[in-house]
Amino acid sequence: MNEKTLRVLEYNKILNLLLEKAESQLGKDLVKKVQPSRNKDEIVSLLEETDEALSILIHRGNPPLYGIHNIGPEVKRTEMGGSLTPGGLLKISDSLRVSRGLKNFIKETQSEKSPHYPIVEGLVGGLRAFKNIEDEINNAIINENEVSDHASSTLRSIRRQITSKNDAIKDKLNAIINSQSSKKYLQDSIVTMREGRYVIPVKQENRGNVPGLVHDVSSSGATAFVEPMAVVELNNQLRELEVKEREEIERILAELSAMVEVESESIFNNQKILQKLDFIFAKGKLALDMKATKPILNNRGYIHIKQGRHPLLGVNNVVPIDVYLGDEFTSLIITGPNTGGKTVTLKTVGLFTLMAQSGLNIPADYNSEIAVFDQVFADIGDEQSIEQSLSTFSSHMTNIVDILNNVELNSLILFDELGAGTDPTEGAALAMSILDHLLKMNVRTIATTHYSQLKLNALTTENVRNASVEFNVETLRPTYRLLIGVPGKSNAFEISKRLGLQDYVIDYARQLVSQENIQFEDVLQAIERDRLETEQNREETEKLKSEIEILKVDLSKQKDKTKEMRDKILQKAREEARDLLKNAKLESDLIISELRDISSEVVKERNKRIQEAKDMLSSKIDEVDSSIAKDVLNVKSKKPPKNLKIGETVEVLSLNQKGEILSLPDEGGNVTVQVGIMKVNVHISTLRRSDSEANDKVEKKTKTIISSKSKTIKNEIDLRGRNIEEAILELDKYLDDSYIAGLKEVYVIHGKGTGALREGLQNYFRRHRLIKSHRVGKYGEGGTGVTVLEIK
């Protein structure tokens, strides 16, 4: 594929996005080798694997791909009989873990009855899992520089001895440096290491007082690092143990490497498969991010992109376009104002073609079609060169010459501003000649231009079609919609007028344009106006049609539902009526039978119950008499009154009444007392002298209160401005005072307002014990703002 075209269409930016999706360097290496293919069968296979990866990502999420390494050098080293480092063995272990994890992942996918993925499942099926090797490595290796104590019992024993020996040496040296006899010879009371052996710092002048081996001297020469003779043997033993440790580690690494060597071919084959799977899922992840779909391929030069979005623009910031070419026409001429989206359309078509032929899904709607081309050429952008003394026109023409020299029959050619950069008349003529040449070769061509001659040529030439990018003159903004079949206007005069250019300048410019061009632009404007109106009417028609269809469906459903409900209701009513009649007959028969059985016993039962009631009443009367005799008639005074006088007031305790003495007590202590209108004979023990003075005081005080209340109480109370709780509190006290004062009619002023207070007091008036009746005030009394109360 033409390298310049790949650069102009920014194909490398797509590969960079794909690089970011690969998990491993191996996958990235495959991405870097991606090139558009010309073989349709190969492309179909590449797209199938991309689509499978996308489907798996949607249904199951990301597969476990982390941990893929390039283990080729490690595998080759084992095959040559060498031992691997702990880091190399961990890379082997990671690779085996990823292989095993992928097999389990796909196995779970198959068990969930998900769609079938023959390509991915076939690759994963070729992976070999070596759990024993993986476990042995993980058990023996802690990290890239350390072997675990669990690698072997011998290594564990040696390390325990080393720890013990270290402790013994440190104890011996600590005893020396803490000894009072040795401290004066030391530069510092510490234990350090030199050349892998434990030493203590001794002052140079006291070197002879500390027997041992000197391993180092400080830079100043004032300190000698001495290994005391007491620990020389222990240090030697420690060195021997460290040698044994290294030998045991080397043996363990050699043993693990031998296990890898036995399965080296399968392990290396795993790496190739994992590399391929990482690359496939990278394509799937890119498709998921771009909301891309698998295109339909063809070999007949037909392109039909539905709702395509440029892949390098944000998914939410791009206006989708519909483009088709290669069926009814082979050349498409796109016109319209600058920044309207003409160049983006060219790049979208070219980039979609390159992506599809590279096995990548394209960000467009389902069932979009892409043709497989042998070559894609693009002349886009301003590539003038100062070094080569090339102007914009020369630069474009150099590219066009190269394209025309290398064009093949099955090619896609994209021209941006064909013939621009020189005299408009000559440029337009050159552009028409180039397009005519490619049209005769039946090459698929898309070109953008501002030349009216090319628009006219497209209207009158077979297999050439006009297209335009829509522009809103009112807002001076492009809509980025591509309209195929409609030539576009550059709108230079309209845009200039909206931007404030004086009318006389624009009018004179119009005079300089040929009459034919003016008429053609007017025709384009009329076509555009009619198109917008037609499209608006079509959208309204489609909307109404859709609403009608929805209403028809809803009406049909409602009709069917109503009929079904009616039938069910009628059926249920019939069944219920039948059950009611049946139950009524059964109940009536049962009632008649029970009435016949009961009628003969009614008289007996009635007489029996009457007699029981009489007996119960007689018993209750006896109980009451006994209670009265006990509780009332036997009431006696604690201090019977003495020296009673005729006419004296006493209390008859048995009757709880006051009376007047009519006769003095007889020999039996009985006294005649006038109680009300009755004269009763009672025993003196049931009498109590009445406290007449206290009664007189209470009576006098009561009369004083009533007299006071009668003078101060008014026959009205104003409750306006109170809420219902405050009003009731004031009313309670006022009604008590009114009753004491003997008022028979009072006026409660509550005001009209919202009527809430009046309504709230109505229940209070109806329930109060002192209120006999209430009514709304009459004319002259305050109307509905007053309620008149009658006091009992």
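A salt bridge here is a side-chain nitrogen of Lys or Arg within 4 Å of a carboxyl oxygen of Asp or Glu. Keep that cut-off in mind while you look at this predicted model. Arg300 and Glu369 make such a pair, with their closest N and O atoms 3.9 Å apart. Arg300 sits in the loop between strand 7 and strand 8 (303-308), while Glu369 belongs to strand 11 (residues 369-371), so the pair ties together parts that are 69 residues apart in sequence. What about exposure? Arg300 is partly exposed at 48% relative accessibility, whereas Glu369 is buried at 18%.

## Salt bridges

The structure has 33 salt bridges. Here are three of them.

| Pair | Closest N and O atoms |
|---|---|
| Lys276 and Glu49 | 3.6 Å |
| Asp94 and Arg97 | 3.7 Å |
| Arg300 and Glu369 | 3.9 Å |

Is Glu49 buried or exposed? At 4% relative accessibility, Glu49 counts as buried, because buried means under 20%. Lys276 is partly exposed, at 26%.

Strand 17 (residues 649-652) pairs with strand 18 (residues 657-661) in the antiparallel sense, over four bridges. Which residue in strand 18 is the bridge partner of Glu651? That would be Lys658. The two strands make a hairpin with four residues between them, and Asn656 in the turn has a positive phi of about 55°.

Strand 18 has another neighbour too. Two bridges join strand 18 to strand 19 (residues 670-675), and these two strands run antiparallel. Across that pairing, Glu660 stands opposite Gln674 in strand 19.

## Positive phi in loops

Why give phi a second look? Most residues other than glycine have a negative phi. Lys291 has a positive one, near 55°. You'll find Lys291 in the loop between helix 12 (264-290) and strand 7 (296-298), and with 53% relative accessibility it counts as exposed. Glu417 isn't a glycine either, yet its phi is positive, at about 55°. Glu417 is in the loop between strand 13 (411-415) and helix 15 (424-440).

## A contact and a patch

Next, find Met259 in helix 11 (residues 229-262). Leaving out residues up to four places away in sequence, Met259 touches Asn132, Ile133 and Glu136. Take Asn132: along the chain Met259 and Asn132 are 127 residues apart, but their C-alpha atoms are separated by 9.5 Å. Met259 is partly exposed, with a relative accessible area of 23%.

Finally, look at the surface. Leu501, Tyr504 and Val505 form a nonpolar patch there, with about 290 Å² of accessible area together. Leu501 lies in the loop between helix 17 (492-498) and helix 18 (503-512), and its relative accessible area of 36% makes it partly exposed.

Methods. Residues are numbered from 1 along each chain as its sequence is written. This is a predicted model: local features need pLDDT of at least 70, side-chain atom pairs count only at pLDDT 80 or more; totals for chains, interfaces and linings use all residues. Side-chain values use heavy atoms; hydrogens and water are left out. Buried means under 20% relative accessible area, exposed over 50%, partly exposed in between (1.4 Å probe, protein chains only). Contact means heavy atoms within 4.5 Å. Patches are made of residues with over 30% relative accessible area and no salt bridge: like charges are joined within 9 Å, nonpolar side chains (Val, Leu, Ile, Met, Phe, Trp, Tyr) within 5 Å. Accessible areas come from the Shrake-Rupley method with a 1.4 Å probe; for residues, only the protein chains shown count as cover. Two strands pair if DSSP finds at least two bridges between them.
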